[in-house]
Amino acid sequence: MSDLLRLLLLQDANTRTVLIGASLLGLASGIIGSFAVLRRRALVGDAVSHAALPGICLAYFVVGDKSFAAFLGGALVFGLLGVLVIAFVRRHTRIKEDAAIGIVLGSFFGLGIVLKRFIQNQPGGNRAGLDTFIFGKAASMVTQDAALIAAVAGLIIVAVAALFKELRLLCFDREFAGSQGWPVLRLDLTLMGLIAVCTVVGLPAVGVVLMAALLITPGVAARFWTDRLSTMVVLGGAFGLFSGLLGTALSAVLPGPANALSRGQPTGPMIALSAGAVFLISLLAAPRRGVVAELQRRRRLRARIALQNLLRDLHESSETGHAPTGSLPVGAIRAFRSWSETALDRAIRRASARGLVRYSLDRLELSEAGRAEAARIVRAHRLWELYLIDQAGIAPDHVDRDADEIEHYLPRDVLERLEARLTSERHGSAPEFVPASPHPLAMPGGKA
Amino acid sequence: MIPGALDAGELWVMATAVVCAVACALPGCYLVLRRMSLLGDAISHAVLPGLAVAFVLTGTREVIWMLVGALGAGLLTSLLTTALHRWGRVPEDAAMGVVFSLFFAVGVIIVNAVARQVDLDPRCVLYGLIEFVSLDTVSVAGIQVPRSFVWLAILLGANVLCIVVFYKELKLVSFDPALATAMGFSAAGVHYGLMTQVAATTVVSFESVGSILVVAMLIAPGATAHLLTDRLGRMLGLAALLAASAGVIGYLLALRWNTSVAGMMAVVSGVEFAAAVLLAPRYGFLSKMLHQAVLAARIRRQDILGMLYRWHERSTRDARPLGYAEVRAAIGGSWLTRLALASLLRRGLVVRHGGGALMLSPAGRAAAQSLVRSHRLWESYLARHLGLPPDHLHEASERMEHFITPSLQARLGEELPIGADPHGRPIPPPIEKGDSGAVA
């Protein structure tokens, strides 16, 4: 508990630095990653982080273990080289982008491993620094590293703000931008360059593989909440920042592995998991695009369809003279459409709640309002059937289902307008007119 | 460095490398064709938690459980990716990235948690331990064979068997999944079968080449082969050959320079791919540039002929002949124009008279006449059948005239039995068959 308190009060200087660095890294990655996701370049970050390895090793050969800046420089050079190779292969060969990314990723990383082994073979070859780049070691972040991350974050925010219009068009309608004379290729390379810079700067903190998590996940999570690019980018940055914060906090505060010398969980994975948690919540709970909202929409649609089908069945049964007293036993209704008992039950309850049917003694009959509504539904259905037979040339015994789909899935105002047109074209007469069914009704006594 | 100079242990390592590479390359061809290359990447990263969970649950480092755990993780990755893509409407590559990076994070946490108890170094998961395969052998028919080799050989056999047995289905589903479904094949079934194959391949191979380098072995040979041929059967064969050579060369170089075998194999595959990108006969970058240069030269030659023809048409009496300078000014001077003119002179289509004047030879006139006829017929066609206004015709015809074959010209002539183009210029008559069939 005291750990948590210390953390919350930001008393530990080291933790403070890591918190700030990780949050800013999350912010930068979330922002630029949103564009990457939209441009279908989500995995370019992964390729860049793998391609950086040979650059880091070469920097080690040149300047030794001394200069961290040299490592980053080497990483950036090779990361950008990887990006250029991918762009070249995509543009000038018939190999598609995904294969290009995979080849660059694998072969550059292979080169890095080869070079790394050379370093290991040398006497005194210290590879601890190199391992940091593969797995990340955020806990060893110092003020200069955090400052560098802050600088990159600033660069990305400024670049995105300045180029927002161009990037937006690039993401959504590249051909149009090109036809308007915008330098599409250069914009694309700028975007990938920013991804590369962000990736490289994040490698020491989060490691090669998890940098992809930080680039992609906040952007994808943000997408669930909005359709507007500006909102998505801001949200992506916010989610990234939050993941950095939460991940670092958790990694400092959670108990470490048993018998371990160091406290806490590794920071990189915890940041990735925090981003994942944000993603999961977005996936489920987002108001329009979320899974829960989608399921609710479907449930409502199914209920509406069931209600309409029930009313139609009652109407058609009165047409075929099946219900001389005007009411029907529930069991008979169930047979019309092979309703399941629960589904029919629910439909009946819904209909009664709206005053459309009267249910007593296990018999069901339409109320006044119900008769009118049922007539409207059946008229719409029949009109569509006639339309399909006339205009689409569909055989009469095939139209029932097709008309079903149209009438249930079209919005009501569209339906009304179309029905008004059909009515005046076909029958000119009163809108309450219900045409006869062009095919035998699927119930006993239902021969046309 | 020749194979004969290697001892038994080294030969086994090389053999293992070759078998691993070929086993990966075969299903990888289908990944390249179906644009699913990164699924191999995703699965190879995502197996880490599978290994870790297998260890935690079984408490041992038995290879079979590691493989089961990894395979489970691989399948779960591909299932979750598909689910996210289909129901979450997340773009496919983003879905993969989200899933595999999260899996990897979970894997690192678990491995970190149990790292004390077991000797599971995450690094070897990344780049494999093929150099040490000879240390762990089993006895097969009396010979000591590395266990990895046995597993990989079985994997290779299984992959080859699957591809042979399901050759038609895989081919159809890879190129036209809608047709496959319409014909009654289960495209989804084949898809998941392929994914299982990739997951199994990744998992069995990671021990040798590590989970990240397996991506190169899956994709690079197939992509290289794709640049060299259009036929699926040949692509598979070529990929196998390229993979085997990457295994052999990679191993020998790694041995020579005392470095990672897996890394070297990946580098060699990458180099093979780069060579194909540049030098492949039909799809290589250099050969495409060559084709474009040849085409550009032909177009330039024809442009010069056309220009000379029109000049003579316009100024019949006061025929001030054109010199090179005027041609260059009109068409655009560059080495290409100079080259084209030299070629025309050499072929005798253009002759140089006194004072540097350029004139068409009879053969040249015939060729130019045909070209201009094509141009003006096309203008007429565009005006009549597409209703384009007169100022829209010239540019399009300028481009099209070079590609109108004699048979197309004859058809156009039949369609448009008129004397003049929409600008009022006469359409030259077709050249007789007797004329020299000189082609510019």
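User: How many disulfides are there over all chains?

Analyst: This is a predicted model, and a search of the whole structure finds zero disulfides over all chains.

User: Let us change topic. How many aromatic pairs are there over all chains?

Analyst: The count comes to seven aromatic pairs over all chains. One of them is formed by Phe35(A) and Phe164(A), with 6.4 Å centre to centre and 75° between the planes. That arrangement is edge-to-face, because planes over 60 degrees apart are given that name.

User: Where in the chain do Phe35(A) and Phe164(A) lie?

Analyst: Phe35(A) belongs to helix 2 (residues 13-38) of chain A, and Phe164(A) belongs to helix 8 (residues 164-172) of chain A. The two residues are 129 residues apart, and their pair links distant parts of the chain.

User: And is Phe35(A) buried or exposed? What about Phe164(A), buried or exposed?

Analyst: Phe35(A) is buried, with a relative accessible area of 0%. Phe164(A) is buried as well, with a value of 18%.

User: Which aromatic pair crosses between chains?

Analyst: Phe88(A) and Phe285(B) form an edge-to-face pair, at 4.8 Å centre to centre and 65° between the planes. This pair runs from helix 4 (residues 68-92) of chain A, where Phe88(A) lies, to helix 12 (residues 285-314) of chain B, where Phe285(B) lies. Phe88(A) counts as partly exposed at 28% relative accessibility, whereas Phe285(B) counts as buried at 16%.

User: What sits over the ring of Tyr283(B)?

Analyst: The charged end of Arg94(A) does, 3.8 Å from the centre of the ring.

User: Back to Phe35(A): which residues does it touch?

Analyst: Leaving out residues up to four places away in sequence, Phe35(A) touches Val160(A), Phe164(A), Leu167(A), Cys171(A), Leu191(A), Leu229(A) and Val233(A).

User: Which residues touch the most other members of the largest nonpolar core?

Analyst: They are Ile32(A), Phe35(A), Ile156(A), Ile216(A) and Val220(A), in a core of 197 residues. Helix 9 (residues 187-228) of chain B supplies the largest share of this core, with 22 residues. A second, separate core has 20 residues, among them Phe336(A), Trp339(A), Leu344(A) and Ile348(A). In soluble globular proteins, nonpolar side chains tend to be buried together.

User: Where is Ala105(B), and is it buried or exposed?

Analyst: Ala105(B) is located in helix 4 (residues 92-114) of chain B. Ala105(B) is buried, with a relative accessible area of 0%.

User: Which residues is Ala105(B) in contact with?

Analyst: Setting aside neighbours within four places in sequence, Ala105(B) is in contact with Leu210(A), Pro269(A), Ala272(A) and Leu273(A). Within its own chain, the C-alpha atoms of Ala105(B) and His45(B) are separated by 9.8 Å, and these residues are 60 residues apart along the chain.

User: What does chain A have in the way of helices and strands?

Analyst: Chain A has 19 helices and three strands. Of its 448 residues, 51% are buried. The accessible surface of chain A comes to about 20,400 Å², and 60% of that belongs to carbon and sulfur atoms. Among the contacts in chain A with a separation of 6 or more, 70% are between residues 24 or more positions apart.

User: One last topic. What is the phi of Arg89(B)?

Analyst: Arg89(B) has a positive phi of about 55°, although it is not a glycine. Most residues other than glycine have a negative phi. Arg89(B) lies in the loop between helix 3 (63-87) and helix 4 of chain B, and it is partly exposed, with a relative accessible area of 46%.

User: Where is Asn258(B) found?

Analyst: Asn258(B) lies in the loop between helix 10 (232-257) and helix 11 (261-279) of chain B. Its phi is near 55°, a positive value in a residue other than glycine.

Terms used
Residues numbered from 1 in each chain as written. Chains lettered and ligands numbered in written order. Predicted model: local features only at pLDDT ≥ 70, side-chain atom pairs only at ≥ 80, totals over all residues. Heavy atoms only, no water. Phe/Tyr/Trp six-rings, centres within 6.5 Å; stacked < 30°, edge-to-face > 60°. Helix = DSSP H or I, 4+ residues; strand = E, 2+ residues; numbered from the N terminus. Buried < 20%, exposed > 50% of the residue type's maximum accessible area, 1.4 Å probe, protein only. Lys NZ or Arg CZ within 6 Å of the ring centre and 35° of its normal. Core = buried A, V, L, I, M, F, W, Y, C linked by side-chain atoms within 4.5 Å. Contact = heavy atoms within 4.5 Å. Disulfide = S-S within 2.5 Å. Areas by Shrake-Rupley, 256 points an atom, 1.4 Å probe, with all protein chains shown as cover.
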